[in-house]
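Thanks, everyone. I will walk through one structure this morning, starting with a helix pair and then moving to a sheet and some aromatic rings. Please have the sequence and the 3D view open.

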Amino acid sequence: MSKSLLEAFNIKSKPLNHTSIDYNVFKDKELLEEFRIKILEDLSDKGFTNQTISGDLINSEIDEVTYSYDLTISERSYLYNLIDGEVNGYGPITELLEDDNITEIMVNSPKDIYIEIDGVLRKDESISFVNDEHITRTIERLIESSGKTIDINNPMVDARLENGSRINAIIPPLSKNPIITIRKFKKSIVDLDTLVGNGTLTPYMADFLEAAVKAKLNIIVSGASSAGKTTLLNILSNFIPEDERIITIEDVLELNLKQNNVVSLETKQSNYEGIGEVTIRDLVRNSLRMRPDRIIIGEVRGQEAFDLLQAMNTGHDGSITTLHANGCKDAINRLETMILMDGLEIPISAMREYINNAIDIIVHITRTRDGRRKITNISEVTAVKDGEIVINTIFDFKADGINDDGVVQGEFKLYPGRPNCLDKIEAAGITDLSNIFKRGRKS
């Protein structure tokens with residue numbers, strides 16, 4: 001062995017408190033720490049390095065090292081989890097990844113780890129990494145299954161974990177120290193009924209969005225980071241009929257559609273020589289040759305916006321995408337900016353007519369101050385008037401304060417008038433929304 005397992009993990013005298021057991025309740029903490037180090041050293045001496053080590057072997061090592069000490073159940077469980085997490089898992093964040101209540105994990109430095117639970121961000125004081133090298137090794141293990149690498153030549157990576165969670169990692173020289181951000185994949189399937197129950201939207205809004213997807217309206221889902229855009233995109237996409245061919249395009253595969261005829265495409269980064277990159281735009285253009293009925297793009301952020309609008313304007317109705325924006329009007333402005341990035345020499349007026357002809361609905365989702373998600377606006381693109389794109393609000397949410405429990409209070413509103421897009425919905429044979437839009441009322 002060129003170096004021991006102990007050296008490989010850079011284990012020092014301070015324990016890695018990454019289990020749910022409170023380490024401070026043990027009477028002889030120092031002795032438990034000695035056991036931990038001795039077990040890792042023994043595993044190294046017996047020829048085990050970074051390979052998977054069975055639970056039976058870990059238990060056997062615990063028995064061998066602690067034979068003269070009467071371990072309690074909690075102490076034994078603590079030792080087992082420490083060893084297993086270091087050699088088979090992901091170090092200090094192993095149990096965070098396994099906790100279904102945690103939706104995001106953020107490692108800012110060895111001692112600054114934050115987690116999100118129920119939309120609320122808090123620092124986890126119970127765990128820490130040893131140093132920056134320990135974080136980097138954890139990143140390497142996390143992205144190993146994706147086939148991607150991270151090093152000084154490629155110091156930034158976006159990948160998908162085996163459980164579907166998304167990891168973004170960045171290391172020096174692009175950052176002061178290694179940083180990990182993990183957005184966890186929800187094992188439970190969320191649907192519109194769940195969102196209605198959570199207060200994200202009303203039943204009327206849910207019925208309208210379902211009808212809009214089934215009627216093949218072109219939809220943009222806008223919002224800030226972590227607002228829930230991808231989750232909502234996934235939910236809406238699952239209303240697409242089973243007999244349609246769907247092409248999904250993402251930087252990292254996150255969508256989980258239930259239909260059978262789904263083709264999932266993923267971008268590719270360039271190699272060390274700077275060649276081999278495949279962008280969202282490349283995949284959008286290629287998808288048009290794959291006979292799609294629908295094109296679903298995880299997020300548009302650049303020149304691919306024009307290609308998507310072309311698809312929407314040339315018979316690929318029912319396309320859906322997300323983009324970062326602060327509201328529905330801002331989403332249109334950002335879309336215009338992305339098209340201008342392409343360097344196309346087209347008049348602004350023509351570009352806006354193009355957007356007007358392509359986009360039907362904009363759905364804006366927001367994470368409110370209490371950490372909950374709400375669809376705060378659903379608008380339709382109706383016309384170009386005096387050179388400006390006209391947006392008509394159909395539903396919105398007006399916040400009016402926070403109660404004693406810290407929950408944002410407010411009211412969903414259905415605006416008066418019949419939306420223009422209702423004609424397209426009814427033309428598709430969906431006529432059960434007429435009662436909603438007879439007159440403006442609270443939704």
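Before the helix pair, one definition: an axis here is a line fitted to C-alpha atoms, for helices over the stretch in contact, and angles run from 0 to 180 degrees between N-to-C directions. Also keep in mind that this is a predicted model.

Now the helices. Helix H11 covers residues 304-313 and helix H12 covers residues 328-340. They pack at an angle of about 105°, and their axes are 7 Å apart. Angles of 65 to 115 degrees count as roughly perpendicular, and H11 and H12 are therefore roughly perpendicular to each other. Which residues make the contact? From H11 they are Ala305, Phe306 and Leu309, and from H12 they are Leu335, Met338 and Ile339. By type, the residues of this contact of H11 with H12 divide into 6 nonpolar, no polar and no charged.

Next, the sheet. The model has an open sheet of 6 strands, paired antiparallel, in the order S3-S2-S1-S6-S5-S4. Which strands are at the edges? They are strand S3, residues 120-123, and strand S4, residues 156-160, each of which pairs on one side only. On average, neighbouring strands of this sheet are turned by 15° against each other, direction ignored.

Strand S2, residues 112-117, pairs with S3 in the antiparallel sense over 4 bridges. Tyrosine 114 has lysine 123 in S3 as its bridge partner.

Helix H6, residues 132-143, lies across strands S1 (102-109), S4, S5 (166-170) and S6 (179-183). Relative to S6, H6 runs at about 35°.

Last, the rings. How many aromatic pairs does a search of the whole structure find? The search finds 6. Phe208, Phe395 and Phe437 form one aromatic cluster.

There are also lysines placed over rings. The charged end of lysine 374 sits over the ring of phenylalanine 397, 5.1 Å from the ring's centre. Lysine 413 lies over the face of tyrosine 415, with 4.7 Å to the ring centre.

That is the end of the tour.

Terms used. Residues are numbered from 1 along each chain as its sequence is written. This is a predicted model: local features need pLDDT of at least 70, side-chain atom pairs count only at pLDDT 80 or more; totals for chains, interfaces and linings use all residues. Side-chain values use heavy atoms; hydrogens and water are left out. Rings of Phe, Tyr and Trp (its six-membered ring) pair if their centres lie within 6.5 Å; planes under 30 degrees apart count as stacked, over 60 as edge-to-face and the rest as tilted. A charge sits over a ring if NZ of Lys or CZ of Arg is within 6 Å of the ring centre and within 35 degrees of the ring normal. Two strands pair if DSSP finds at least two bridges between them. Helices (H or I, at least four residues) and strands (E, at least two) are DSSP runs, numbered from the N terminus. Contact means heavy atoms within 4.5 Å. Angles under 35 degrees count as roughly parallel, over 145 as roughly antiparallel, 65 to 115 as roughly perpendicular and the rest as oblique. Ala, Val, Leu, Ile, Met, Phe, Trp, Tyr, Cys and Pro count as nonpolar, Asp, Glu, Lys and Arg as charged, and the others, Gly among them, as polar.
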